[in-house]
Amino acid sequence: MTPADLNEVYILEQAAYPHPWTLGIFSDCLKMAYLARVLENENKGIDAYGIMSSGGGEAHILNLCVKAELRSQGLGRYLLLSLLADAKKLDVDTVLLEVRQSNHVAISLYESIGFNELGTRYGYYPAKKGREDAIIFARHLKY
Ligand SMILES: CC(C)(COP(=O)(O)OP(=O)(O)OC[C@H]1O[C@@H](n2cnc3c(N)ncnc32)[C@H](O)[C@@H]1OP(=O)(O)O)[C@@H](O)C(=O)NCCC(=O)NCCS
C-alpha cells in the first residue's frame, strides 16, 4: 500500500465497516511503516488490503478487508496467509488481532487458519447501540 492507494482503500473501507477508519489513520499506518499490503487486480484496481504492525516478537493485524463484491472467493484467506508469511520473515512469535464478536465470517476465517481465542476486550468497538465486545485471537508461529 502506498499513499497513492489511500483514496481507493478508503472507499473500500467505508463500504465495509459501519465505523470505518479515517483516511488519517491509514496515512498514519504508512508513516509508521506498518506492513500494509494491497491485492491489485489486472486493471490495477484494489481488491483487498491488510495492515499489520510488529515489534518485540509480536505482530498485530490491524485491518483485513476484501471488496464487498469479491468476498467468499478466497482473497481474505490468501491475504491473511501472506501477512502471516511476512510475520514469519520478521521473526514474529505471535500474531494477534481483535474481531467483533458478531463478525462470524472473519471469526470462521481466523479459526480455520489456527488462531485461538485469547480473551475479550469488553466494549472495545463502537456499535449502533452502545459498544460491542472484541474477541482477541492469537496465532503462534514458532511452536
Ligand atoms: C472477513 C473477510 C476479510 C474474509 O475475506 P473473504 O475473501 O470473504 O474470505 P475467504 O473467501 O478467503 O474465506 C475464508 C473463510 O472465511 C469464511 N467465510 C467466507 N465467506 C463466508 C460466508 N459468506 N459465510 C460464512 N463464512 C464465510 C469461511 O471460513 C472461509 O473458509 P472456507 O472457504 O474454507 O469455507 C471479508 O469478509 C471482509 O472483508 N469483511 C469485511 C471486513 C471485515 O470484517 N474484516 C475483518 C475485521 S477483523
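This is a predicted model: local features need pLDDT of at least 70, side-chain atom pairs count only at pLDDT 80 or more; totals for chains, interfaces and linings use all residues.
Residues are numbered from 1 along each chain as its sequence is written, and side-chain values use heavy atoms, with hydrogens and water left out.

Colleague: At what angle do helix α1 and helix α2 pack?

Modeller: Helices are DSSP runs (H or I, at least four residues) numbered from the N terminus, and their axes are lines fitted to C-alpha atoms over the stretch in contact, with angles from 0 to 180 degrees between N-to-C directions. The axes of α1 (residues 6–16) and α2 (residues 23–31) lie 10 Å apart, and the angle is about 130°.

Colleague: How are α3 and α4 oriented to each other?

Modeller: Angles under 35 degrees count as roughly parallel, over 145 as roughly antiparallel, 65 to 115 as roughly perpendicular and the rest as oblique. Helix α3 (residues 75–89) and helix α4 (residues 104–112) pack at about 50° with axes 11 Å apart, and α3 and α4 are therefore oblique.

Colleague: Which residue has a side-chain N or O atom 2.7 Å from an oxygen atom of the ligand?

Modeller: A polar contact is a pair of N or O atoms within 3.5 Å. Backbone atoms take part at Leu64, where a polar atom is 2.8 Å from a ligand nitrogen, and at Gly76, where an N or O atom lies 2.8 Å from a ligand oxygen. The side-chain atom at 2.7 Å from a ligand oxygen belongs to Asn103.

Key: Helices (H or I, at least four residues) and strands (E, at least two) are DSSP runs, numbered from the N terminus. A polar contact is a pair of N or O atoms within 3.5 Å; within protein, one must be able to donate a hydrogen and the other to accept it, and residues adjacent in sequence count only if both atoms are side-chain atoms.
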